[in-house]
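Here is a quick tour for anyone opening this model for the first time. Have a look at the picture, then read on.

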Amino acid sequence: MRYALLVQGGPYSSQASHSALRFARAVVERGHRLDTVFFYHDGVYNAARLAAPPQDEPHLGDAWRMLHDEHGTELLVCIAAGLRRGLLDEREAARHGKAGHSLEPPFELTGLGQLVEAGLSHDRLITFSP
Amino acid sequence: MILHLLNRSPATAGTVDDALAAMGPDDRLLLIEDGVLGALPAQASLFTGLAGRLFALREDLAARGLLERCAEQANIVDVEGFVTLTEEADKTVSWF
């Protein structure tokens with residue numbers, strides 16, 4: 001089956017990101033395709049390029065990146081939720097005159113339409129909220 | 001059949017009432033995160049109508065030291081069982 005996850009909880013402030021990641025690993029372990037993870041609301045902080053948690057703690061951003069590298073999972077970040085919270089890729093940073101960017105591939109800024117598309121085109125969409 | 005996910009403790013939020021009110025006769029309820037507190041015997045009366053359709057996530061029970069304290073009516077599943085429940089349901093609804 002094709003799975004999509006919706007992550008709406010911020011890292012380190014609720015369990016949502018950890019629950020989603022644990023579920024994501026179990027989904028691919030089972031042989032399903034995890035094609036899309038959509039980050040929305042405070043969930044967009046999972047994509048922060050500069051996140052530097054202590055080395056003996058789980059690094060959520062790296063864990064999502066690994067999922068992309070190993071299983072081709074698309075990591076989609078809601079652009080409206082991201083811009084409000086200071087998560088800009090190089091293009092958006094330039095467009096808004098910002099000194100640096102805070103989001104980089106494999107995370108991608110996309111519109112909410114991609115979430116609707118994910119709900120329609122995948123067999124299952126599972127939501128993890130704070 | 002719809003799988004409902006509940007991540008709120010019934011002791012601190014009314015979310016459980018909304019979830020139960022929305023559930024159809026064949027729907028299942030999986031308690032995750034703080035929702036697993038609903039699997040304690042003290043909360044058992046909330047779920048009497050869900051015989052065989054109430055589940056609680058093992059990893060979240062263990063993280064809270066509650067694995068040995070569950071009411072018998074709650075079926076304990078691990079994260080692989082969570083995936084199976086989503087396979088068996090037509091869709092999944094999260095309550096939070």
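This is a predicted model: local features need pLDDT of at least 70, side-chain atom pairs count only at pLDDT 80 or more; totals for chains, interfaces and linings use all residues.

In chain A, helix H1 covers residues 16-29 and helix H2 covers residues 60-71. As for handedness, the crossing of H1(A) past H2(A) is left-handed.

Which residues do the touching here? From H1(A) come A:Ser17, A:Leu21, A:Ala24 and A:Val28, while H2(A) brings A:Leu60, A:Ala63, A:Leu67 and A:His71.

Now step back to the whole chains. Chain A has five helices and five strands, and from its N terminus the order is β-α-β-α-β-α-α-β-α-β. Chain B is built from three helices and five strands, which follow the pattern β-α-β-β-α-β-α-β along the sequence.

How does the radius of gyration of chain B sit against the globule rule? The rule gives 12 Å for 96 residues and chain B comes in at 12 Å, so chain B is as compact as a globular protein of that length. For chain A, a compact globule of 130 residues would have a radius of gyration near 14 Å, and the chain agrees, with 14 Å.

Here are some figures for each chain:

| Chain | Radius of gyration | C-alpha span along principal axes | Buried residues |
|---|---|---|---|
| A | 14 Å | roughly 45 × 35 × 25 Å | 42% of 130 residues |
| B | 12 Å | about 30 × 30 × 25 Å | 39% of 96 residues |

Contacts can also be sorted by how far apart the partners are in sequence. In chain A, take the contacts between residues at least 6 apart: 73% of them join residues at least 24 apart. In chain B, 65% of the contacts with a separation of 6 or more are between residues 24 or more positions apart.

**One residue in chain B**

Let's zoom in on B:Val36. This residue is in the loop between strand S2 (28-31) and strand S3 (54-57) of chain B. Is B:Val36 buried or exposed? A residue needs 20 or more other C-beta atoms within 10 Å to be called buried, and B:Val36 has 28, so B:Val36 is buried.

Who are its partners? Leaving aside residues up to four places away in sequence, B:Val36 touches B:Leu31, B:Ala56, B:Leu57, B:Asp60, B:Leu61, B:Arg64 and B:Leu66. Take B:Leu61, for instance: B:Val36 and B:Leu61 are 25 residues apart in sequence, yet their C-alpha atoms are 6.1 Å apart in space.

**Where the chains meet**

Finally, the contact between the chains: 13 residues of chain A and 12 residues of chain B take part. On the chain B side, helix H3 (79-88) and strand S5 (91-95) are the elements that give two or more residues. H3(B) has the largest share of that side, with six residues. By class, the chain B side holds five nonpolar, three polar and four charged residues.

Notes. Residues are numbered from 1 along each chain as its sequence is written. Chains are lettered from A and ligands numbered from 1 in the order in which they are written. Two residues are in contact if their C-beta atoms, placed from the backbone, lie within 7 Å. Helices (H or I, at least four residues) and strands (E, at least two) are DSSP runs, numbered from the N terminus. Ala, Val, Leu, Ile, Met, Phe, Trp, Tyr, Cys and Pro count as nonpolar, Asp, Glu, Lys and Arg as charged, and the others, Gly among them, as polar. Axes are lines fitted to C-alpha atoms, for helices over the stretch in contact, and angles run from 0 to 180 degrees between N-to-C directions. A crossing is left-handed if the near helix is turned anticlockwise from the far one by less than a right angle, and right-handed if clockwise. The radius of gyration is taken over C-alpha atoms; the globule rule is 2.2 Å times the number of residues to the power 0.38.
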